[in-house]
4 protein chains.
Amino acid sequence: MEPPATGLDAALGFELLDLAEDRARGRFEVTDAVRQPAGIVHGGAYAAMAETLASAATHVHVREAGEAAMGQSNLTSFMRPVSGGCVHAEARRRHRGRTSWVWEVDFTDDEGRLCATSRVTLAVRPVPQRP
Amino acid sequence: MEPPATGLDAALGFELLDLAEDRARGRFEVTDAVRQPAGIVHGGAYAAMAETLASAATHVHVREAGEAAMGQSNLTSFMRPVSGGCVHAEARRRHRGRTSWVWEVDFTDDEGRLCATSRVTLAVRPVPQRP
Amino acid sequence: MEPPATGLDAALGFELLDLAEDRARGRFEVTDAVRQPAGIVHGGAYAAMAETLASAATHVHVREAGEAAMGQSNLTSFMRPVSGGCVHAEARRRHRGRTSWVWEVDFTDDEGRLCATSRVTLAVRPVPQRP
Amino acid sequence: MEPPATGLDAALGFELLDLAEDRARGRFEVTDAVRQPAGIVHGGAYAAMAETLASAATHVHVREAGEAAMGQSNLTSFMRPVSGGCVHAEARRRHRGRTSWVWEVDFTDDEGRLCATSRVTLAVRPVPQRP
């Protein structure tokens with residue numbers, strides 16, 4: 001549904017599946033690119049996917065107003081190690097303020113068990129106009 | 001200093017430079033693999049490096065006691081976008097409890113300006129013995 | 001429903017309304033005791049109520065197993081200032097692990113608008129036995 | 001040094017000792033007003049003191065520019081229970097951006113041991129002009 005991923009999203013194999021104004025979904029396969037040395041999913045992979053989903057969904061909706069979204073903070077809590085299959089991410093917008101948006105992103109494994117959860121805060125600011 | 005990186009650490013080009021008991025240092029170059037679509041360093045790259053440094057440094061020091069470290073939470077705050085050069089990470093242990101360790105990780109650009117900061121909490125638990 | 005509040009809970013006028021195993025509810029009136037100098041609810045009042053609800057609900061359910069709950073971290077995000085009426089808190093357990101429980105607590109004003117949200121992580125440990 | 005505390009600051013017995021532009025100090029005595037039911041300092045007391053110090057110090061310095069500071073998020077991690085004496089808070093500014101300031105606040109007991117640490121993010125915005 002989205003143009004091919006580039007950058008970190010491509011390096012870690014992230015797929016964006018849906019970007020509505022107040023919901024977004026994505027997923028990644030548990031390949032070596034998202035593993036830490038013990039073989040489970042690296043905590044940074046969850047944090048990165050949360051950042052990607054929240055930023056992309058916010059961006060799509062604020063750019064029409066000439067604004068840009070910029071990550072401000074990301075708190076990810078890890079509940080359950082995952083070592084194979086896919087990790088499924090579901091983002092839900094919790095706040096849409098004039099200058100900041102807040103998202104919660106839940107991660108589940110193929111059995112639907114909660115593995116991690118993130119809260120992402122984005123600053124929304126006018127894009128500087130170029131003359 | 002460390003064995004060659006594997007997994008996510010390799011995919012994002014992370015280098016570990018030093019792993020003392022209460023300090024750790026690492027760095028990554030700003031290549032495409034750590035960028036988000038607007039060309040700056042992806043927030044998840046900072047969060048991931050913080051997780052890597054804190055986990056690796058804790059692991060080295062608890063494994064002698066037959067214990068393992070497991071990421072529990074990671075709060076990363078983003079202060080300043082970086083679009084080139086290297087990102088330098090310096091981790092400082094703030095707490096060494098019986099069952100959890102807490103690290104703060106500061107990220108600076110090549111000019112030494114603070115770009116992001118993370119607080120990483122790790123659970124420390126006995127490694128299950130194999131008969 | 002609960003015995004009279006003591007300590008900080010009494011000082012800030014917290015009421016606990018319900019403590020189920022995976023849900024908890026409470027509330028406080030916006031009196032001077034919870035205000036900051038500009039007249040709105042002090043951020044610490046939300047953080048404290050989240051801590052109270054999550055700790056109390058976890059405690060009720062782990063003490064039967066001879067365990068105790070101890071606050072480990074609390075992230076509170078503030079969305080909307082409140083200057084009067086009541087603040088209503090609703091806690092939802094997100095994770096029940098062997099050694100940690102995670103709660104999300106939403107705060108709404110009398111119009112049901114989201115004002116703040118907290119994520120509270122508690123360590124669950126055996127209570128030391130007294131001989 | 002400061003005018004007498006009001007509101008939550010007074011209810012919990014907070015003292016502000018110093019408010020420089022990039023450092024601030026405060027303290028509170030461990031009275032019943034800051035205790036949770038088990039007799040130790042309530043986690044919300046640390047979070048509240050961090051919020052008070054960071055907000056007050058930011059406020060003093062941005063109001064000259066016609067701006068106001070508003071709490072955006074507060075992450076407090078608890079390391080060591082305190083049951084008596086005083087809790088000493090030391091805040092250090094980590095970031096001074098155009099639209100947000102970030103503070104770290106460390107809490108120590110009378111023996112100088114780290115008991116808790118907070119990261120507080122404040123939004124800085126122009127104060128609406130009254131005609």
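Trainee: Let's start with A:E90. Which strand of chain A is A:E90 found in?
Mentor: This is a predicted model, where local features need pLDDT of at least 70, side-chain atom pairs count only at pLDDT 80 or more, and totals for chains, interfaces and linings use all residues; side-chain values use heavy atoms, with hydrogens and water left out. Residues are numbered from 1 along each chain as its sequence is written, while chains are lettered from A and ligands numbered from 1 in the order in which they are written. Helices (H or I, at least four residues) and strands (E, at least two) are DSSP runs, numbered from the N terminus. On that count, A:E90 falls within residues 86-96, and that run is strand 4.

Trainee: Which residues does A:E90 touch, not counting residues up to four places away in sequence?
Mentor: Contact means heavy atoms within 4.5 Å. A:E90 is 66 residues from A:A24 in sequence, yet their C-alpha atoms are 6.0 Å apart in space. With residues up to four places away not counted, A:E90 touches A:R23, A:A24, A:R25, A:E104, A:V105 and A:D106.

Trainee: What does A:E90 count as in terms of accessibility?
Mentor: Buried means under 20% relative accessible area, exposed over 50%, and partly exposed in between (1.4 Å probe, protein chains only). A:E90 has 38% relative accessibility, so the label is partly exposed.

Trainee: And D:W103, is that buried or exposed?
Mentor: D:W103 sits in strand 5 of chain D, residues 100-108. The relative accessible area of D:W103 is 0%, so D:W103 is buried.

Trainee: Over to chain B. Which residues does B:G66 touch, not counting residues up to four places away in sequence?
Mentor: B:G66 belongs to the loop between helix 2 (43-62) and strand 3 (67-78), and at 30% relative accessibility counts as partly exposed. B:P128 is 62 residues away in sequence, with 8.8 Å from C-alpha to C-alpha. Leaving out residues up to four places away, B:G66 touches B:P126 and B:V127.

Trainee: How many Å apart in space are B:A5 and B:G112, C-alpha to C-alpha?
Mentor: B:A5 is in the segment before helix 1 (7-11) and is partly exposed at 37% relative accessible area. Leaving aside neighbours within four places in sequence, B:A5 is in contact with B:A10 and B:F14. As for B:G112, that residue is 107 residues from B:A5 in sequence, and the C-alpha distance is 25 Å.

Trainee: Zooming out, what pattern does chain A follow along the sequence?
Mentor: Chain A comes to two helices and six strands. Read along the sequence, they give α-β-β-α-β-β-β-β.

Trainee: What radius of gyration does chain A have?
Mentor: The radius of gyration is taken over C-alpha atoms, and the globule rule is 2.2 Å times the number of residues to the power 0.38. The C-alpha trace spans about 50 × 25 × 25 Å along its principal axes. For 131 residues a compact globule would be near 14 Å, which agrees with chain A's value of 15 Å.

Trainee: What share of the residues of chain A count as buried?
Mentor: Picture the contacts too: among those between residues at least 6 apart in sequence, 59% join residues at least 24 apart. Of the 131 residues of chain A, the buried share is 53%.

Trainee: Now the copies. What rotation superposes chain B on chain A?
Mentor: Two copies of a chain are related by a rotation about an axis and a shift along it. Copies are superposed by least squares on the C-alpha atoms of residues with pLDDT of at least 70 in both. For chain B on chain A, the shift along the axis is 0.0 Å and the RMSD 0.0 Å, with a rotation of 180°.

Trainee: Why do chains B and A meet through the same surface?
Mentor: Look at which residues of chain B are in the interface. They are also interface residues in chain A, so the copies meet through the same surface, and the share is 100%.
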